[in-house]
Amino acid sequence: MALIDLAQRRVLIVAGKGGVGKSTVSAALALTMAQRGRRVLCAEIIPSAEMPSQLATALGGPAPKEEPVQIAANIWGALLTPTIGHLRFLQDALPLKILADAALKSQGVRKFLSAAPGFSDMGVLYRLIDLMRQTQPSGRPLFDLCIVDAPATGHALALAQIPEFLARVIPSGPIHRLASSGVKVMSDPKTTAAVVVTLPETLPVTEALELEQGLARHGLPVSSIVVNRVPENPFTPDEERLLEARGLISRQLWGQREYLRILRSKAALQLLQERTTGRCILLPEVEGSGAVASANLAKRI
């Protein structure tokens with residue numbers, strides 16, 4: 001399976017531990033899909049709009065805001081913050097927009113929405129659903145695909161489990177209807193897929209497998225585990241056996257560190273292939289950083 005096979009989904013959630021290249025993979029996916037004519041929204045989950053955007057660095061365009069901003073041809077960026085999600089929810093739930101604005105200006109309401117268990121993630125989820133249901137004048141969706149750059153493993157799990165939790169504890173009313181719509185969006189494999197990004201190292205692979213299992217328990221389908229920055233191995237199996245037989249691995253030789261990294265990568269990939277229930281996609285190391293790395297990676301997808 002190639003990453004381009006995910007093109008027909010409406011939501012892709014890119015998750016994984018920090019430092020594995022989630023933002024670079026998200027940006028590369030956006031560039032690839034946009035080149036194929038899809039209108040792509042790159043959305044980044046952050047606690048507040050004042051925080052710096054990793055996705056902006058990876059895309060090389062203007063910094064995203066809470067309202068979608070066009071970054072490149074067929075690519076828009078937006079920040080998914082609890083605040084904008086809560087506002088959109090109140091605007092839909094209350095009969096007059098002015099009431100929603102007044103409610104969100106209330107210090108007590110703001111404290112409740114930020115402190116109540118799950119309500120921050122509910123705001124993020126509602127904003128995501130709100131963006132995906134927006135349409136063009138022709139009636140077509142404003143965005144064909146939303147790629148969500150989840151900030152950390154815990155946020156991806158929270159986003160997956162919050163709709164089911166809210167639907168269970170709140171049996172009726174607007175929050176229940178929101179939760180029910182969230183369950184449908186997050187659990188439909190034709191609509192939503194999770195992409196778990198990791199590195200070819202034992203600890204990140206182990207954490208990726210745990211994340212895959214956690215997302216599956218909460219009904220969020222994991223389409224694939226993407227292994228980023230896989231080093232190129234120029235050796236054939238026979239050459240590797242010869243190196244081991246001659247004891248060259250244990251000697252201080254030029255290139256030894258890189259070769260040992262290749263061996264560690266192979267061991268981690270074997271562990272991943274043995275234990276994962278999904279598909280593994282290997283992405284090579286690419287030159288550059290930020291937007292240059294994203295563009296180079298897009299050429300390899």
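The largest pocket in this predicted model has a volume of about 350 Å³. A pocket here is an open set of points on a 1 Å grid over the protein atoms alone, where a 1.4 Å probe fits and protein lies on both sides within 12 Å along at least five of seven lines; the volume is the space filled by probe spheres set on the points, joined across faces, edges and corners. It has 22 lining residues (an atom within 4 Å of a point), and closest to the centre sit Lys22, Ser23, Glu44, Gln54 and Asp149. α1 (22-35), β2 (40-45) and α2 (54-59) each give two or more residues to the lining; helices (H or I, at least four residues) and strands (E, at least two) are DSSP runs numbered from the N terminus.

Now for two helix pairs, with axes fitted to C-alpha atoms over the stretch in contact and angles running from 0 to 180 degrees between N-to-C directions.

| Pair | Axis distance | Angle |
|---|---|---|
| α9 (202-217) and α11 (256-275) | within 9 Å | roughly 15° |
| α1 and α12 (290-298) | 8 Å | about 55° |

So α9 and α11 are roughly parallel (under 35 degrees). Thr202, Val205, Thr206 and Leu209 of α9 touch Ala268, Leu271, Leu272 and Arg275 of α11, contact meaning heavy atoms within 4.5 Å.

Residues are numbered from 1 along each chain as its sequence is written. Local features need pLDDT of at least 70, side-chain atom pairs count only at pLDDT 80 or more, totals for chains, interfaces and linings use all residues, and side-chain values use heavy atoms, with hydrogens and water left out.

Methods
Parallel < 35°, antiparallel > 145°, perpendicular 65-115°, else oblique.
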